[in-house]
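Student: Please take me through this model and say what each term rests on.

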Amino acid sequence: MKKLLLGIILLSYFQYSNAQVSICSWNLKDFGTSKSDKEISFIADVLKRYDIIAIQEVVAGYGGPQAVARLADELNLKGSKWDFTISDPTSSSAYKTERYAFLWKTSKITRKGNAWLEKKYHLVIDREPYYMTVVIEGIEITLVNFHAITKSKQPETEVKYFKFLPANYLGKELLFLGDFNLTQSHTVFNPLKSLGYRPVLVNQKTSLRTKCIGGDCLASEFDNIFYNASKVNFIRSGVIHFYENFSTINEARLVSDHVPIYFQFSLN
(Lines give C-alpha, C1' and ligand atoms only; values in the text may rest on other atoms or scores of the structure.)
Protein backbone atom coordinates (compact mmCIF):
# COMPACT_ATOMS: atom_id res chain seq x y z
CA MET A 1 0.00 0.00 0.00
CA LYS A 2 2.83 2.36 0.91
CA LYS A 3 4.59 1.62 -2.38
CA LEU A 4 1.38 2.31 -4.32
CA LEU A 5 0.87 5.61 -2.47
CA LEU A 6 4.48 6.60 -3.11
CA GLY A 7 4.05 5.78 -6.80
CA ILE A 8 0.96 7.98 -7.04
CA ILE A 9 2.80 10.84 -5.32
CA LEU A 10 5.79 10.52 -7.64
CA LEU A 11 3.55 10.34 -10.71
CA SER A 12 1.70 13.47 -9.59
CA TYR A 13 4.98 15.28 -9.02
CA PHE A 14 6.30 14.23 -12.42
CA GLN A 15 3.17 15.48 -14.15
CA TYR A 16 3.26 18.74 -12.18
CA SER A 17 6.93 19.43 -12.78
CA ASN A 18 6.78 18.63 -16.48
CA ALA A 19 3.83 20.74 -17.53
CA GLN A 20 3.57 20.69 -21.31
CA VAL A 21 2.39 23.64 -23.35
CA SER A 22 2.24 24.58 -27.01
CA ILE A 23 2.71 28.09 -28.33
CA CYS A 24 2.19 29.50 -31.81
CA SER A 25 3.66 32.77 -33.12
CA TRP A 26 2.34 34.44 -36.25
CA ASN A 27 3.04 37.71 -38.04
CA LEU A 28 -0.48 38.34 -39.34
CA LYS A 29 0.30 41.17 -41.77
CA ASP A 30 -1.73 44.30 -41.05
CA PHE A 31 -4.10 42.48 -38.71
CA GLY A 32 -7.10 44.78 -38.64
CA THR A 33 -10.18 45.72 -40.66
CA SER A 34 -8.68 44.24 -43.83
CA LYS A 35 -9.30 40.73 -42.46
CA SER A 36 -12.74 39.43 -43.45
CA ASP A 37 -14.91 37.26 -41.21
CA LYS A 38 -14.02 34.29 -43.41
CA GLU A 39 -10.30 34.97 -42.96
CA ILE A 40 -10.70 35.39 -39.19
CA SER A 41 -12.49 32.04 -39.04
CA PHE A 42 -9.72 30.42 -41.08
CA ILE A 43 -7.04 31.89 -38.79
CA ALA A 44 -8.92 30.57 -35.74
CA ASP A 45 -9.06 27.09 -37.29
CA VAL A 46 -5.27 27.17 -37.75
CA LEU A 47 -4.59 28.37 -34.20
CA LYS A 48 -7.20 26.60 -32.07
CA ARG A 49 -5.02 23.57 -31.26
CA TYR A 50 -2.38 25.64 -29.43
CA ASP A 51 -2.41 26.83 -25.81
CA ILE A 52 -0.87 30.28 -26.33
CA ILE A 53 -0.83 32.50 -29.42
CA ALA A 54 1.50 35.44 -30.00
CA ILE A 55 0.63 37.83 -32.83
CA GLN A 56 2.73 40.50 -34.48
CA GLU A 57 1.57 43.29 -36.84
CA VAL A 58 -1.70 44.14 -35.14
CA VAL A 59 -2.80 47.48 -36.61
CA ALA A 60 -2.10 50.32 -34.17
CA GLY A 61 -5.13 52.40 -35.13
CA TYR A 62 -8.80 51.60 -35.46
CA GLY A 63 -9.47 47.98 -36.35
CA GLY A 64 -6.44 46.34 -34.74
CA PRO A 65 -7.83 45.67 -31.24
CA GLN A 66 -11.20 44.86 -32.81
CA ALA A 67 -9.58 42.20 -35.04
CA VAL A 68 -7.97 40.55 -32.00
CA ALA A 69 -11.34 40.56 -30.21
CA ARG A 70 -12.98 39.05 -33.30
CA LEU A 71 -10.36 36.31 -33.35
CA ALA A 72 -10.90 35.59 -29.65
CA ASP A 73 -14.67 35.39 -30.21
CA GLU A 74 -14.13 32.96 -33.08
CA LEU A 75 -11.75 30.81 -31.01
CA ASN A 76 -14.34 30.71 -28.22
CA LEU A 77 -16.75 29.09 -30.67
CA LYS A 78 -14.36 26.24 -31.39
CA GLY A 79 -14.38 24.28 -28.15
CA SER A 80 -12.19 26.14 -25.62
CA LYS A 81 -12.41 29.34 -23.57
CA TRP A 82 -9.86 31.99 -24.56
CA ASP A 83 -8.68 35.27 -23.09
CA PHE A 84 -6.47 37.89 -24.70
CA THR A 85 -4.40 41.02 -24.14
CA ILE A 86 -3.34 43.71 -26.63
CA SER A 87 -0.42 46.08 -26.29
CA ASP A 88 -0.56 49.83 -26.61
CA PRO A 89 0.88 51.07 -29.91
CA THR A 90 4.66 50.74 -29.99
CA SER A 91 6.58 53.98 -29.52
CA SER A 92 8.20 54.05 -32.95
CA SER A 93 8.40 57.45 -34.56
CA ALA A 94 10.92 56.62 -37.26
CA TYR A 95 9.20 53.45 -38.45
CA LYS A 96 5.78 51.82 -38.54
CA THR A 97 4.09 51.69 -35.17
CA GLU A 98 1.84 48.70 -34.45
CA ARG A 99 0.53 46.55 -31.60
CA TYR A 100 1.17 43.04 -30.32
CA ALA A 101 -1.32 40.54 -28.92
CA PHE A 102 -1.38 37.38 -26.84
CA LEU A 103 -4.29 34.93 -26.65
CA TRP A 104 -4.45 31.89 -24.38
CA LYS A 105 -6.65 29.01 -23.25
CA THR A 106 -7.86 29.83 -19.76
CA SER A 107 -8.20 26.14 -18.83
CA LYS A 108 -4.43 25.70 -19.06
CA ILE A 109 -2.81 29.14 -18.88
CA THR A 110 -3.07 31.85 -16.22
CA ARG A 111 -1.71 35.34 -16.81
CA LYS A 112 0.25 36.81 -13.91
CA GLY A 113 -0.17 40.56 -13.60
CA ASN A 114 -0.45 42.81 -16.62
CA ALA A 115 1.44 42.47 -19.89
CA TRP A 116 3.83 45.34 -20.68
CA LEU A 117 5.90 46.93 -23.42
CA GLU A 118 9.67 47.17 -22.92
CA LYS A 119 10.51 50.59 -21.45
CA LYS A 120 14.27 50.62 -21.08
CA TYR A 121 15.12 50.16 -24.77
CA HIS A 122 12.13 51.80 -26.43
CA LEU A 123 14.30 54.59 -27.83
CA VAL A 124 16.63 52.17 -29.64
CA ILE A 125 14.08 49.51 -30.63
CA ASP A 126 11.39 50.87 -32.93
CA ARG A 127 8.72 48.30 -32.02
CA GLU A 128 9.74 47.48 -28.47
CA PRO A 129 8.95 43.93 -27.26
CA TYR A 130 5.72 43.05 -25.47
CA TYR A 131 6.00 40.86 -22.37
CA MET A 132 3.51 38.62 -20.61
CA THR A 133 4.18 36.33 -17.66
CA VAL A 134 2.05 33.20 -17.56
CA VAL A 135 1.65 30.42 -15.01
CA ILE A 136 1.42 26.85 -16.24
CA GLU A 137 0.56 24.39 -13.45
CA GLY A 138 2.40 26.53 -10.94
CA ILE A 139 5.45 27.26 -13.12
CA GLU A 140 6.08 30.77 -14.46
CA ILE A 141 7.50 31.78 -17.83
CA THR A 142 7.65 35.23 -19.42
CA LEU A 143 6.96 35.54 -23.15
CA VAL A 144 8.76 38.24 -25.13
CA ASN A 145 6.83 39.06 -28.32
CA PHE A 146 8.83 41.00 -30.93
CA HIS A 147 8.69 42.32 -34.49
CA ALA A 148 11.98 43.74 -35.76
CA ILE A 149 12.48 46.40 -38.39
CA THR A 150 12.88 45.05 -41.92
CA LYS A 151 16.10 43.41 -43.08
CA SER A 152 17.09 46.43 -45.20
CA LYS A 153 17.03 48.58 -42.05
CA GLN A 154 19.45 46.26 -40.19
CA PRO A 155 17.35 44.58 -37.47
CA GLU A 156 20.55 43.37 -35.79
CA THR A 157 20.92 46.94 -34.46
CA GLU A 158 17.82 46.22 -32.36
CA VAL A 159 18.30 42.55 -31.56
CA LYS A 160 21.74 43.26 -30.07
CA TYR A 161 19.99 44.63 -26.97
CA PHE A 162 18.31 41.29 -26.27
CA LYS A 163 21.49 39.98 -24.63
CA PHE A 164 20.81 42.38 -21.74
CA LEU A 165 17.20 41.32 -21.12
CA PRO A 166 17.82 38.14 -19.07
CA ALA A 167 19.90 40.17 -16.59
CA ASN A 168 17.37 43.01 -16.61
CA TYR A 169 14.61 40.57 -15.72
CA LEU A 170 16.34 38.41 -13.13
CA GLY A 171 13.96 35.87 -11.65
CA LYS A 172 11.94 35.65 -14.85
CA GLU A 173 12.37 32.83 -17.34
CA LEU A 174 12.26 34.52 -20.76
CA LEU A 175 11.05 32.97 -24.01
CA PHE A 176 11.77 35.16 -27.06
CA LEU A 177 9.47 34.79 -30.04
CA GLY A 178 8.31 36.60 -33.14
CA ASP A 179 9.55 37.98 -36.44
CA PHE A 180 13.22 38.92 -36.13
CA ASN A 181 13.76 39.56 -39.86
CA LEU A 182 17.04 37.70 -39.36
CA THR A 183 18.20 34.12 -39.71
CA GLN A 184 18.93 32.40 -36.40
CA SER A 185 22.53 31.87 -37.54
CA HIS A 186 23.24 35.63 -37.50
CA THR A 187 26.05 36.47 -35.08
CA VAL A 188 23.83 38.95 -33.23
CA PHE A 189 22.18 35.95 -31.54
CA ASN A 190 25.50 34.56 -30.28
CA PRO A 191 25.35 36.37 -26.90
CA LEU A 192 21.90 34.88 -26.25
CA LYS A 193 23.15 31.46 -27.33
CA SER A 194 26.10 31.79 -24.96
CA LEU A 195 23.55 32.30 -22.16
CA GLY A 196 21.97 28.95 -23.02
CA TYR A 197 19.25 30.06 -25.42
CA ARG A 198 18.50 27.92 -28.47
CA PRO A 199 16.33 28.51 -31.56
CA VAL A 200 13.47 26.08 -32.14
CA LEU A 201 13.88 26.37 -35.93
CA VAL A 202 17.12 25.97 -37.89
CA ASN A 203 17.35 26.52 -41.65
CA GLN A 204 13.55 26.86 -41.81
CA LYS A 205 12.12 29.59 -44.05
CA THR A 206 9.03 31.30 -42.70
CA SER A 207 8.08 34.16 -45.05
CA LEU A 208 6.03 33.66 -48.22
CA ARG A 209 7.25 34.31 -51.73
CA THR A 210 5.12 36.39 -54.06
CA LYS A 211 5.34 33.46 -56.51
CA CYS A 212 6.11 29.83 -55.77
CA ILE A 213 9.16 28.44 -57.58
CA GLY A 214 9.01 24.74 -58.37
CA GLY A 215 6.60 24.19 -55.49
CA ASP A 216 8.77 26.16 -53.07
CA CYS A 217 6.62 28.97 -51.64
CA LEU A 218 8.84 30.08 -48.75
CA ALA A 219 11.37 32.90 -49.04
CA SER A 220 13.34 33.77 -45.89
CA GLU A 221 14.21 32.44 -42.45
CA PHE A 222 12.81 35.28 -40.30
CA ASP A 223 10.49 33.95 -37.57
CA ASN A 224 11.72 31.95 -34.59
CA ILE A 225 11.48 31.19 -30.89
CA PHE A 226 14.49 31.20 -28.54
CA TYR A 227 14.26 29.21 -25.29
CA ASN A 228 16.61 28.62 -22.36
CA ALA A 229 17.63 25.00 -22.80
CA SER A 230 18.48 24.62 -19.11
CA LYS A 231 14.94 25.50 -18.03
CA VAL A 232 12.75 24.54 -20.99
CA ASN A 233 12.54 21.05 -22.46
CA PHE A 234 12.15 20.89 -26.23
CA ILE A 235 9.46 18.48 -27.46
CA ARG A 236 8.75 19.55 -31.04
CA SER A 237 8.55 22.57 -33.30
CA GLY A 238 7.69 23.44 -36.88
CA VAL A 239 5.81 25.66 -39.28
CA ILE A 240 2.23 25.47 -40.53
CA HIS A 241 1.92 25.54 -44.32
CA PHE A 242 -1.45 27.30 -44.24
CA TYR A 243 -1.05 28.53 -47.83
CA GLU A 244 -1.65 25.00 -49.09
CA ASN A 245 -5.34 25.55 -48.32
CA PHE A 246 -5.58 28.25 -51.00
CA SER A 247 -5.74 28.04 -54.77
CA THR A 248 -3.01 30.66 -55.25
CA ILE A 249 -0.22 32.17 -53.20
CA ASN A 250 -1.80 35.59 -53.71
CA GLU A 251 -4.97 34.44 -51.94
CA ALA A 252 -2.89 33.06 -49.08
CA ARG A 253 -0.99 36.32 -48.75
CA LEU A 254 -4.25 38.12 -47.99
CA VAL A 255 -4.13 36.23 -44.69
CA SER A 256 -0.40 36.74 -44.14
CA ASP A 257 2.97 36.86 -45.84
CA HIS A 258 4.43 34.70 -43.06
CA VAL A 259 3.62 31.15 -41.95
CA PRO A 260 2.83 30.49 -38.28
CA ILE A 261 5.54 28.76 -36.25
CA TYR A 262 4.93 26.55 -33.21
CA PHE A 263 6.82 25.16 -30.25
CA GLN A 264 5.72 22.42 -27.85
CA PHE A 265 7.72 22.20 -24.64
CA SER A 266 7.67 21.31 -20.97
CA LEU A 267 8.96 23.29 -18.02
CA ASN A 268 11.33 22.10 -15.30
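**Sheets and pockets**

Tutor: Six strands make up an open sheet with mixed pairing, in the order β5-β6-β7-β8-β12-β9. The model is predicted, so local features need pLDDT of at least 70 and side-chain atom pairs count only at pLDDT 80 or more, while totals for chains, interfaces and linings use all residues. Residues are numbered from 1 along each chain as its sequence is written, and side-chain values use heavy atoms, with hydrogens and water left out.

Student: Why are β5 and β9 said to stand at the edges?

Tutor: β5 (110–117) and β9 (197–199) each have a single partner strand, so one side of each is left without a neighbour in the sheet. A strand is a DSSP run of E with at least two residues, a helix is a run of H or I with at least four, and both are numbered from the N terminus.

Student: What makes β6 and β7 a pair?

Tutor: Two strands pair if DSSP finds at least two bridges between them. Seven bridges join β6 (residues 130–136) to β7 (residues 139–147), so the two strands, which run antiparallel, count as a pair. I136 stands opposite I139 in β7.

Student: Which residues line the second largest pocket?

Tutor: The lining consists of S36, K38, E39, F42, F246, E251, L254 and V255. Lining residues have an atom within 4 Å of a point of the pocket, an open set on a 1 Å grid over the protein atoms alone, where a 1.4 Å probe fits, with protein on both sides within 12 Å along at least five of seven lines. Two or more of the lining residues come from each of α2 and α7 (249–255).

Student: How much space lies in the largest pocket?

Tutor: About 200 Å³. Among its 17 lining residues, E57, T150, N181, D257 and H258 are the closest to its centre.

Definitions and conventions
Grid points are joined across faces, edges and corners, and a volume is the space filled by probe spheres set on the points.
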